[in-house]
Each structure stands twice: as C-alpha cells, then as structure tokens.
Amino acid sequence: MEAIFQLLFNEFQQSTRASKQNCRDVAFRLTAEIVRVCNESRHIQASGDLAAWAHRMARHRLQQCLNYYRLGSAAGRVELHSTLSAIIYRYMSPAGIGLSYQARLTLIEDFLQGFYLEALKVFRKEALLGATYRPHTLLELAEYLAFTERYAKRRVHLSSQKSQQLIVLRVQTFVQQHPREMSVDLEQAAESRSSESETTWDERLLARVREMMVATDPDNADMMLRQSVIRELIAYLEQRQQRDCADYFILRLQNLSADEIEQILDLTPRQRDYLQQRFKYHLMRFALLHGWELVHEWLGADLERNLGLTPQQWQGFQAQLSQEQLGLLQMKQRGLDDKAIAKSLGWKVSQVHKQWFKLLETAWVLRNSSESGSGASTHE
C-alpha cells in the first residue's frame, strides 16, 4: 500500500497548507483505514482486484477530506451537519407522534450532538489515537468530518439479509427511547421559532439533500449505478429549467409525505399535484429516451438482457413490431448510433428517437403488466 500512501501524502502537500508531518500523519491513517476495509470486505476480496479498489477508495477519501478542508472549520461543520440531517430527517419521528417539520429539526439537533461524540470515539479507536485526541489543525478537522460522514453511512447487515446505514439504526434507537412528553414540548417550542430561521433550514436542508443524492459510495457497485441515474436525472431536469421538478424528486427520494413536501416547497396541494404530474412527464422522457441506457442497465433491463423481458415476453414483443421497428431494434442491438440508424432507415434522427421511445414504452408496459404474473418493479 506504499503507492496509496504516497498518493495521499503528495496530494495533501500540494493541495493544503498543512505541515509535512501533518500531511504524513493524515495520509498514514487514511492508508491504514483503506487496508482494513480491503481486508475485511468479502466483496473486495472476491473481486480479485484489491489494487483497483484501494486506489478508488483512496481517491474518494482524498476528495472528501479536501472538500471539507476547502470549506474551512465553520462551513465544514455546517456541511456535515446538513448532510446527516438530510439522511435522518424522515426517521426522526417517535412512534405514535405526528411531529411537524420544524420539530423534527429540533430533535435532529439533539441527536447529532451525541452522534458526533460517538464518531470521535470510534475515530480514536480505529486510528489508534489516544483517548483525549481532538483535531487541532484544519486538515485534521477535515479528516474527522470526512470520517464521521463515512461512519454515518456505513452499512450494517441485519438478520433479515438486508442492510441499513448505521446512523439510521442509531436514530431508530434514539426515537424509541425518546420520552413522548418531551417530543410534544419540543414541537410546541419549535413553533415559536422565527420564520426566517425556518426558511434558512429549508434552503440548507434542500441544498444538502441535493448534494447527498449525487454522492457515490465506492464500496457498492449497485449503489454507484443508482446514484449515477439520480445524478443524471437531476442534471437533465436542471438543463431544461425544471429546478422545481428536481427539488420535488429529491424530496421524494427521502420518502417525505405530501404534506411535508408542500411545506418545504411552499406549495398548495393543487400546485404539488401539478408539479408531480410534470415531474412524471420528464421522468418518462428521461427513462425512455435521453437516459434510457443508464436507466435500463440499472434496472437489469438493457438490450443484452432483452429489455428485461422473459423469453415468452420477448417473442411477443418482437411480434408486435413492424419491419422498420424490428430493424431499428436490431441496429440498436448492434450498437449503431442514431445518425447511422437514421441513414440506414431513411429517417430523420428525430424519427429514430420517437420510434425508439415507443419501443421502450411498449417493453416497459409489457414488463410490468399484471398479465406477466408479477407486480411492477420496485425500481420503476
């Protein structure tokens, strides 16, 4: 792992004003963490390419650390606080208590103070640091903030063969132990906060959820592909001046209720319903035209897998196509670009797009039809 250490050490020296020894210490700790992850991960061990995984993780951790370093002490803390708040927001509601948006934020503040202390203790233990260690330099603080973010996002495997982020499990324990009376009092106290404060939180939370949704986890290939779909869809919406649709999409990813979305985006139920319909329109355009390859790869429904159709469905699908449409499908399978296909069929490129949209839409409906014996895909 000498190459990983040198990569980190050199980058810290070039990109920060930290002392040589400080850069060396942080690079050494990050290298040790990467070695530990590679040794403990069955998935990485089974891949047979430890060097590539180690390099990818080093780049990811380096970028995280430098991002917090560039933000500085105050802004870096706000960045981390907002990122974690966005993750746990929907879980911060004790059973049987309907908390308001602002009341949840108040509980989040309470919970995260304890979580930061837990993360510091774990950081000391895993980095073999003393029990009284605290970050003293900006680079060390950036290292701790980046570690805390990764620690919060660690996947904990459950007995049901599922996994969950560590911070979510901590929140679930926190709300179970939280006194019902205190939750009510906190909600009442939160309602007295100024509207200016609420507006600031709304903007900060939404901005951080946006950033969080385009982040990637280098240790999980499926998650990386999912995040690529999310990132491309958000970019697609923003390129078409559909920022409100992007905001709606981000909040939907957090499983917020319609009431919560209306409150955060300051919409009436009718406006929210209209926004939802507009988002669905753009979502279908993205999934079946502009980003179809990425979306279908994520769904396991790309052309190599017959668009996710069973052999019987695939035969029925092709039987529905005209000769020109069948030719379009075959040329897509051969990897021809749209200009070459248009020239071959004597069409305009826009006609190729239109016909391909129709083909994918037909396959989409067939794949998720009740007649197939299965419900709609959870992804779709």
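Which residues line the largest cavity? They are Arg29, Leu30, Glu33, Phe123, Glu126, Ala127, Glu143, Phe147 and Arg150. A cavity here is a set of points, on a 1 Å grid over the protein atoms alone, where a 1.4 Å probe fits but cannot get out, and lining residues have an atom within 4 Å of a point. The elements giving two or more residues to this lining are α2 (20-40), α5 (101-126) and α6 (138-153).

Before going on, keep in mind that this is a predicted model: local features need pLDDT of at least 70, side-chain atom pairs count only at pLDDT 80 or more, and totals for chains, interfaces and linings use all residues. Residues are numbered from 1 along each chain as its sequence is written, and side-chain values use heavy atoms, leaving out hydrogens and water.

Back to the cavity. Its volume is about 90 Å³, where volume is the space filled by probe spheres set on the grid points, joined across faces, edges and corners. A search of the whole structure turns up 2 cavities of 30 Å³ or more.

Now the overall build. The protein has 18 helices and 2 strands, which are DSSP runs (helices H or I, at least four residues; strands E, at least two) numbered from the N terminus. Of its 380 residues, 46% count as buried, meaning under 20% relative accessible area with a 1.4 Å probe, protein chains only.

The largest nonpolar core has 105 residues, and Phe12, Ile167 and Phe317 have the most contacts inside it. Helix α4 (residues 50-88) gives the most to this core, with 13 residues. Such a core is a set of buried Ala, Val, Leu, Ile, Met, Phe, Trp, Tyr and Cys residues joined through side-chain atoms within 4.5 Å. Among the residues that Phe317 touches are Leu307, Leu329 and Leu366, a contact being heavy atoms within 4.5 Å. Leu329 sits in helix α16 (residues 323-333), where Leu329 is buried.

Finally, the cysteines. The structure holds 0 disulfides, a disulfide being a pair of cysteine sulfur atoms within 2.5 Å. Why don't Cys23 and Cys65 bond? Because their sulfurs are 9.6 Å apart, too far for a bond.

| Cysteine | Relative accessible area |
|---|---|
| Cys23 | 0% |
| Cys65 | 2% |

Key. Buried < 20%, exposed > 50% of the residue type's maximum accessible area, 1.4 Å probe, protein only. 1 Å grid on protein atoms, 1.4 Å probe; cavity = no way out; pocket = protein on both sides within 12 Å on 5 of 7 lines; lining within 4 Å. Lists of a residue's contacts leave out its neighbours within four places in sequence.
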